[in-house]
Amino acid sequence: MEIHPVIEESWANALQPQFQAPWFAMLKQFLLEEKKHHTVYPPGNAIFAAFNHTPVDRVKVVILGQDPYHGPGQAHGLCFSVPDGIPIPPSLQNIFRELESDLGIKAPRSGNLTAWARQGVLLLNATLTVRAGQAASHQGKGWENFTDAAIRYLSDHREHLVFILWGSPAGEKARLIDHSKHLVLRSVHPSPLSAYRGFFGCRHFSAANAWLEKHHIEPVSWVLT
């Protein structure tokens with residue numbers, strides 16, 4: 001497993017201090033040891049996929065997840081997304097259900113959200129790796145420092161972004177964002193355990209595009225084929 005895979009240039013510059021921090025060296029060592037005894041997702045070359053698909057100056061919307069899917073073949077570095085041919089997980093099914101309710105967009109056959117990422121939707125998990133079969137197993141190992149830094153950087157250096165925070169852990173990241181110049185949308189997680197308590201009906205997709213249009217930014221086409 002490659003622990004320091006290539007990251008897109010603008011993000012490499014923005015996050016360079018994180019790569020040099022003592023905690024990052026400890027994180028790398030943890031991942032090396034973890035890989036000796038366990039399967040780790042996503043593959044090493046996909047750890048930074050969210051950043052590689054969506055350079056700093058192209059970000060319009062940030063959707064924040066918790067940690068990667070922990071089943072075989074699911075995680076490919078974009079939160080909530082799965083590669084083509086992989087069954088759509090329940091949380092993503094609920095995201096598509098809300099998308100249809102909000103904008104009338106029918107659920108696609110594939111759960112691959114790469115098309116969103118290429119339009120400027122940063123699909124970022126708070127933790128970028130996970131042990132196979134064990135959700136949240138890499139939380140508290142250092143990734144949160146890295147992704148917090150990315151959120152802070154966007155808040156400080158960009159304007160008029162939309163941050164979509166689903167679930168309590170994501171909601172805690174609101175403290176990193178300058179609410180005076182960015183739109184922050186929060187709800188419960190789209191998991192079947194919580195979606196009925198406020199995710200359904202949140203209309204975050206239309207709210208995000210309304211904000212972007214208000215600030216003369218091209219809205220996101222949420223349609224997936």
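**Strands, burial and overall form**

Modeller: Strand β3 (residues 121-125) is mostly covered, with 5 of its 5 residues buried. This is a predicted model, in which local features need pLDDT of at least 70, side-chain atom pairs count only at pLDDT 80 or more, and totals for chains, interfaces and linings use all residues. Residues are numbered from 1 along each chain as its sequence is written, and side-chain values use heavy atoms, with hydrogens and water left out.

Biologist: What makes a residue buried, and what makes a run of residues a strand?

Modeller: Buried means under 20% relative accessible area, exposed means over 50%, and partly exposed lies in between (1.4 Å probe, protein chains only). Strands (E, at least two residues) and helices (H or I, at least four) are DSSP runs, numbered from the N terminus.

Biologist: Which way do the residues of β3 point?

Modeller: Val-121, Leu-123 and Asn-125 point one way and Leu-122 and Leu-124 the other way, and all are buried. In a regular strand the side chains alternate between the two faces of the sheet.

Biologist: What makes β2 and β3 a pair?

Modeller: Two strands pair if DSSP finds at least two bridges between them. Strand β2 (residues 61-65) and β3 have 5 bridges, in the parallel sense, so they pair. Val-61 has Val-121 of β3 as its bridge partner, and Gly-65 stands opposite Asn-125.

Biologist: How do you know that β2 also pairs with β5?

Modeller: There are 4 bridges between β2 and strand β5 (residues 162-166), again parallel, and the requirement is at least two, so this is a pair.

Biologist: Is β2 covered or exposed?

Modeller: β2 is mostly covered, since 5 of its 5 residues are buried. Val-61, Ile-63 and Gly-65 point one way, while Val-62 and Leu-64 point the other way.

Biologist: Why is His-38 called partly exposed?

Modeller: The relative accessible area of His-38 is 31%, which lies between the 20% and 50% limits, so the label is partly exposed. His-38 is found in the loop between α3 (22-37) and β1 (40-41).

Biologist: Why is Ala-174 called buried, given its place in a loop between α8 (168-171) and β6 (183-187)?

Modeller: Its relative accessibility is 8%, under the 20% limit, so Ala-174 counts as buried. Leaving aside neighbours within four places in sequence, Ala-174 is in contact (heavy atoms within 4.5 Å) with Leu-165, His-179, Val-184 and Arg-186.

Biologist: How do you know that the whole protein is as compact as a globular one?

Modeller: Its secondary structure comes to 9 helices and 6 strands. The radius of gyration, taken over C-alpha atoms, is 17 Å, and the globule rule (2.2 Å times the number of residues to the power 0.38) gives 17 Å for 225 residues, so the protein is as compact as a globular protein of that length. The C-alpha trace spans about 45 × 35 × 30 Å along its principal axes.

Biologist: How much of the protein is buried?

Modeller: Of the 225 residues, 57% count as buried. Among contacts between residues at least 6 apart in sequence, 68% join residues at least 24 apart.
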